[in-house]
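Have the structure open as you read, and take the points in order.

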Amino acid sequence: MSDQLKRIVIIGATSSMAEHCARLWVTGQRVDLTLVGRDADRTERVAADLRVRSAGSTVRVLAAGFSDPAGIGALVDAIVADGMPQQVLIAHGTLPDQQQCQRELVLAAEALDVNAVSPALFAEAFAGHMEPHGGVITIIGSVAGERGRRSNYIYGAAKGLVTRYAQGLQHRMAGSGSALKVVLVKPGPTATPMTAHLAARGLAPVESVARLIVDGSAAGKPVIYAPGKWALIMLVIRNLPAVVFNKMNI
C-alpha cells in the first residue's frame, strides 16, 4: 500500500458510472485504487485501462459476491486492513425489468437485494471503520427512489431504501461529530450499458454525470442530482396530488 497516495475504493467498479469516476480520479494525480467487482475479468480490464492512464497509481482488483452479509463484512475488513480509505464509491446495481419482477418474485427479490440491501450493507461496513477517521462514502441512488411509479416501482423501492439509509447514516455522523461525509447521488436516466434498451433521447452523458459525482464527493455534498435539473423535476413529481399523479403514465 502506498501511504502517500489517496486511497479510493470502488464497489461495483465495472459499472459505467464507476469506471468514468475512476478515470477522473486517476487524471492528473497518483492514487491508490481498489476495484471490487463480481466479474474478475471485466474488473481487471477496467484496471488495465486505468494503469495505462496513470502509470504512477496503484490499481488492485478484488472479485467478490455482493449478496452475502458475512462476505461483505469480511471483504470490507480486509480492504480496510490494507489501509483506511479516504473515498469509497458504492456503485453496483442493476436495472430490472418491472414486468418480469411482477411475474417472478425471485427476480423481484434479487433486484431489491442488489440495488438496496447490498449497497446499504457495504456502506454500513465501511462507515463502522471510517467514522473515527473521516473521509467520504458516496452511494449511487436514483431519482427513481423519489416516488413510486408503475413503470419501475421495484427498482424505485430499492433506491428509496438507499435514500432513507443514506439520510440516516448522515444523521448518525452529524450526531457523533464525525468528519465522515456521506454523499447520496441521484442520477436521472444516463447513457450507460444498463440503459441501452431505452431511447437515447433525454439520457445524460455518463461522462458529465461522473464529473458531478467526483466533484460533489470532493465537496462532501449531502445530495447530488445528476444532472442538476432533476432536483426541480423531482420536486414537482413528489408534490403532485395523487388524483393527478395516478392519471400519468410514467
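1. Glu110 is partly exposed, because its relative accessibility is 45% (buried is under 20%, exposed over 50%, and partly exposed in between, with a 1.4 Å probe and protein chains only). Glu110 sits in helix α5, residues 105–130. Pro96 lies 14 residues from Glu110 in sequence, and their C-alpha atoms are 9.1 Å apart.

2. A word on the source: this is a predicted model, where local features need pLDDT of at least 70, side-chain atom pairs count only at pLDDT 80 or more, and totals for chains, interfaces and linings use all residues. Residues are numbered from 1 along each chain as its sequence is written, and side-chain values use heavy atoms, leaving out hydrogens and water.

3. Now look at the open sheet: seven strands in the order β3-β2-β1-β4-β5-β6-β9, with parallel pairing (helices, H or I of at least four residues, and strands, E of at least two, are DSSP runs numbered from the N terminus; two strands pair if DSSP finds at least two bridges between them). β3 (58–63) and β9 (223–226) are at the edges with a single partner strand each, so one side of each has no neighbour in the sheet. Within it, β1 (residues 6–11) pairs with β2 (residues 31–37) over six bridges, and Arg7 has Asp32 of β2 as its bridge partner.

4. Finally, the axes of α1 (residues 16–26) and α2 (residues 40–53) come within 10 Å and cross at roughly 20° (axes are lines fitted to C-alpha atoms, for helices over the stretch in contact, and angles run from 0 to 180 degrees between N-to-C directions).
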